[in-house]
Amino acid sequence: MKLRIGQGFDVHAFVAGRPLILGGEHLPFELGLAGHSDADVLLHAITDALLGAAGLGDIGRLYPDDDERWRGADSLLLLRGAMHQVRAAGWRVGNVDVTLICEAPKIAPHAAAMARNIAAALDITASQVSIKGKTSEKLGFTGRREGIAAMAVVLLIGDDARRADVE
Ligand code: MG
């Protein structure tokens with residue numbers, strides 16, 4: 001079995017006047033995240049892990065942030081687009097594991113809905129998606145509630161029915 005692993009990391013700053021969208025879910029919160037797209041930091045980290053595992057670059061290469069097409073873009077659509085390329089290269093997703101780092105809001109109440117959104121975008125089941133929220137014990141920029149950081153790991157499995165570019 002051909003396996004590849006990828007990791008992704010992203011940060012977005014809190015800003016007033018925008019909705020907070022994480023894992024494709026609108027969370028009730030007094031601040032949103034700044035960014036060119038919908039600033040879904042969780043999906044951006046997953047997209048980078050997915051592309052990294054397949055050796056297909058990164059989210060900035062696929063969706064440049066100076067391209068007006070992606071202004072306000074739904075990051076679930078960006079993730080779907082990345083998955084389309086990864087699938088065409090001969091891979092399917094084994095599992096996704098994510099950590100969101102913030103003091104607030106609480107992630108756990110929304111984790112199941114986020115996992116369903118991500119699973120749908122990646123053609124897998126929600127049981128293959130793990131989402132964990134952590135604080136940074138009030139340390140650093142996340143501890144000061146200045147933004148949210150996300151770390152993701154994606155495992156890819158070579159789909160023998162398709163082309164998988166591995167040695
Ligand atoms: Mg980002």
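Guide: The labels are explained below, and the model is a predicted one.

Visitor: What makes S1 and S7 a pair of strands?
Guide: Pairing needs at least two bridges. Strand S1 (residues 3-15) and strand S7 (residues 147-158) have eleven bridges, in the antiparallel sense, so they pair. At one of the bridges, Phe9 has Met151 as its partner in S7.

Visitor: How do you know that S1 pairs with S4?
Guide: Two bridges join S1 to strand S4 (residues 32-33). The rule asks for at least two, so the pair counts. These strands run antiparallel, and Phe14 stands opposite Leu33 in S4.

Visitor: How many aromatic pairs are there?
Guide: The count is one aromatic pair.

Visitor: Why is the pair of Phe14 and Phe29 called tilted?
Guide: The ring centres of Phe14 and Phe29 are 5.6 Å apart, and the limit is within 6.5 Å. Their planes are at 40°. Stacked needs under 30 degrees and edge-to-face over 60, so the pair is tilted. Phe14 lies in strand S1 and Phe29 in the loop between strand S3 (25-27) and S4, 15 residues apart.

Visitor: Why does Phe14 count as buried?
Guide: Phe14 has 13% relative accessibility.

Visitor: Why is Phe29 called partly exposed?
Guide: Phe29 has 23% relative accessibility. Buried is under 20% and exposed over 50%, so Phe29 falls in between.

Visitor: Which residues coordinate the magnesium ion?
Guide: Asp10 (OD), His12 (NE2) and His44 (ND1) do, at 2.1 to 2.2 Å. The cut-off for donors is within 2.8 Å, so they qualify.

Visitor: What makes Asp10 buried?
Guide: Asp10 has a relative accessible area of 17%. The cut-off is under 20%, so Asp10 is buried.

Note on methods: Residues are numbered from 1 along each chain as its sequence is written. This is a predicted model: local features need pLDDT of at least 70, side-chain atom pairs count only at pLDDT 80 or more; totals for chains, interfaces and linings use all residues. Side-chain values use heavy atoms; hydrogens and water are left out. Helices (H or I, at least four residues) and strands (E, at least two) are DSSP runs, numbered from the N terminus. Rings of Phe, Tyr and Trp (its six-membered ring) pair if their centres lie within 6.5 Å; planes under 30 degrees apart count as stacked, over 60 as edge-to-face and the rest as tilted. Buried means under 20% relative accessible area, exposed over 50%, partly exposed in between (1.4 Å probe, protein chains only). Donors are N, O and S atoms within 2.8 Å of the metal (3.2 Å for Na, K and Ca); water is not among the atoms, so sites may look incomplete.
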